[in-house]
Amino acid sequence: MIQVRHITKTYGKKQNKFVALDDVSFSIPTGASVAILGKSGSGKSTLMHAMSGLDRPEQGEVVIDDENILKLKQKAVDRFRATKISFVFQSFFVQANETCFDNVSLPLEIANVPARERKRRVVAALEAVDLGDKVRSKAKNLSGGQKQRLAIARAIVNEPQILFADEPTGNLDSATGDIVEKLLFDYNKKNGTTLIVVTHDHDLAAKCDIKITIKDGKIESISERQAKSKKPAHRRRVQL
Amino acid sequence: MRRRDIIRRAGRSLRQAKIRTLLTALAISVGAFTITLALAAGTGGKEYTDNLIKNNGDARSLSVFAKTQQKETEGPKKYGEIDDTVSQGYLGDSDIAKIKSVPGVESATPTYSVSAAYMVGPNNEKYETELSIKIDQTGVDLAAGSLENNQPKPGTVLVSDSYIEVLGYTSAQEAIGKPITLHINKLSVPGMPAEGKNMTFTIAAVDKKSDTSLNYQDGVRVSAADGKTIYDYQTPAAAANQYFGVTVRTADDADPQMVQAAIKDKGYEVFSLQDIQQVLFTFVNVVMGGAAGFGALAILASIFGIINTQYISVLERTQQIGLMKALGARRKDIGKLFRYEAAWVGFLGGLIGTLLALLVGLLNPWIAKQLNLEEGTNLLIFNPLYSVILILALMLVAVVAGWLPSRKAAKLDPIEALRTE
């Protein structure tokens, strides 16, 4: 369960003041797939940064597993990011000159996982994204879709509770984009990992259990997908 | 993150910028090379001086002279005034007794000055010769024959090999055990016919100039006892028992430097081999220090290279740093990553410099030849310990130089770093 309560984040000072997030509140049940939908500049990325502990809004709290991560010390936040969450980015951020193995191994190294355990999990993660034959290949020799699959392998190797995907298909053609989407949603369903997709793509957002639309730093709407017989996700209307 | 993983990642990112890493390391290696060579030359120089001293003197031998006291006077002296400053002093028998009483003195032998008018060999041709007394036990390079304690026995002499031919011998070997006659003149007032006599000795050994010898002089050397006989015969009674100097031999168990100080306290001027050695060592140290100073300057210059390289590296890898931080890497891990990178560069530079210096060390025989040193003399001696210390020190310097860039990396805001566009 992720609870976001009354988050406000502003940039700049006095007349240059810009409110990126304005009293945003909602909650997400564990294991759900969530789309944070909004145009560029709407504040959706800032919201993701706040929820992952990268950014610290002036007001509000983000409660994950009964703990307000905005109140944690830097060391604990780092630990939280290293063990409980991971990211997939629009522009992949894979290290081009490193092998696939070293790319995927990075989160485990950061989390102090012993070398032998690392090897097993890295290979398993690469196989899960169908890159089992590229373990020793340099990341720069991969295609765009393969790079994003590599990024997904890196994101799932530490078995996160929450997986953030920031425009995961933004740099991909529709065919490879579909493969990447499928990987993400399959992982979400199979492992019960909460998937939070930040996007401006309505088609992608429509595939998520919950769709949170954000505009000018405020929540415009929260809608739930009705189709499947899934247990209805907890929802909370926000006073706008 | 574990240290090992950070070090591995640091090494890997250096490999990804091979040329830049190599160039930065080369800048450091110039300093490392210079310092390594300076230290090697210092070690070699000291060893060479040590050899030099061993061949030129005997550490247990001290030279004692009368103290020349001079009044501190300013400006010219008024005419007609009696000069009360003590002129060049001579030592007498009472001085010798005094010196002998100093603990640690085994023997005190006056330095007799002797001379010979000429020498004659089997071919009956007269040649001028230098005559001296061998009282010290300084080593000599023998061409033939043998000596006990590096001194000729009474009745025998040590002859330079350049004299052998003019004496009528074909080789140094042949001359051993053969006679040589010296004509000794009594010292008298100039203009008076000199009175003199022949003294015949057996050639015990033939010596030659050694490459490490500083002040070799061709000549004939007699034993201390024969020297005294010649002196007594030659020197007029008026000048007898006045010695220019005294050679002291210290006891086996005494420290020559302590004895030197004790004799000095009695009011004499004392010189020892250590004095010369110290002067030579100081010289070697100055040369070494100068060269090492240039090396240190080169390293100082290379520090800016490291800082620059590391700044560029941080800029280039902004995105990587952002990613690592987003994945939960600690600030200190990021800082360490860049500091270890700098340490690698320092290590590499030190290693390259040391290896290049070792290559120059292969020129040792050539250097010895160019400087006309004895074969087998190594003027460059490398001490592995120095190299290890130098490389460690360079790693430290590199880490310090990489401090600011690494701080910049550690402080980087992951959100900024990961902003696309």
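**Close-up views of a predicted two-chain model**

**View 1. The open six-stranded sheet of chain A.** In chain A, six strands form an open sheet with mixed pairing, in the order β6-β7-β8-β3-β9-β10. Its edge strands, each pairing on one side only, are β6 (85–88) and β10 (218–224) of chain A. From one strand to the next the twist averages 20°. Strands (E, at least two residues) and helices (H or I, at least four residues) are DSSP runs numbered from the N terminus, and two strands pair if DSSP finds at least two bridges between them. The model is predicted: local features need pLDDT of at least 70 and side-chain atom pairs count only at pLDDT 80 or more, whereas totals for chains, interfaces and linings use all residues. Residues are numbered from 1 along each chain as its sequence is written, with chains lettered from A and ligands numbered from 1 in the order in which they are written.

**View 2. Pairing of β3 and β9 in chain A.** Strands β3 (residues 33–37) and β9 (residues 210–215) of chain A pair in the parallel sense over four bridges. A:Lys211 in β9(A) stands opposite A:Ala35.

**View 3. Helices α5 and α6 of chain A.** The axes of α5 (residues 144–156) and α6 (residues 174–191) of chain A come within 9 Å and cross at roughly 15°; axes are lines fitted to C-alpha atoms, for helices over the stretch in contact, and angles run from 0 to 180 degrees between N-to-C directions. α5(A) and α6(A) are therefore roughly parallel to each other (angles under 35 degrees). Their crossing is right-handed (the near helix is turned clockwise from the far one by less than a right angle). Residues in contact (C-beta atoms, placed from the backbone, within 7 Å) include A:Ile152 and A:Ile156 in α5(A) and A:Leu183 and A:Leu184 in α6(A).

**View 4. Strand β11 of chain B and its two partners.** Strand β11 (residues 245–250) of chain B runs antiparallel to β1 (residues 61–66) of chain B, joined by four bridges, and antiparallel to β2 (residues 105–111) of chain B, joined by six bridges. B:Val248 is the bridge partner of B:Leu62 and also of B:Ala108.

Note on methods: Parallel < 35°, antiparallel > 145°, perpendicular 65-115°, else oblique. Contact = placed C-beta atoms within 7 Å.
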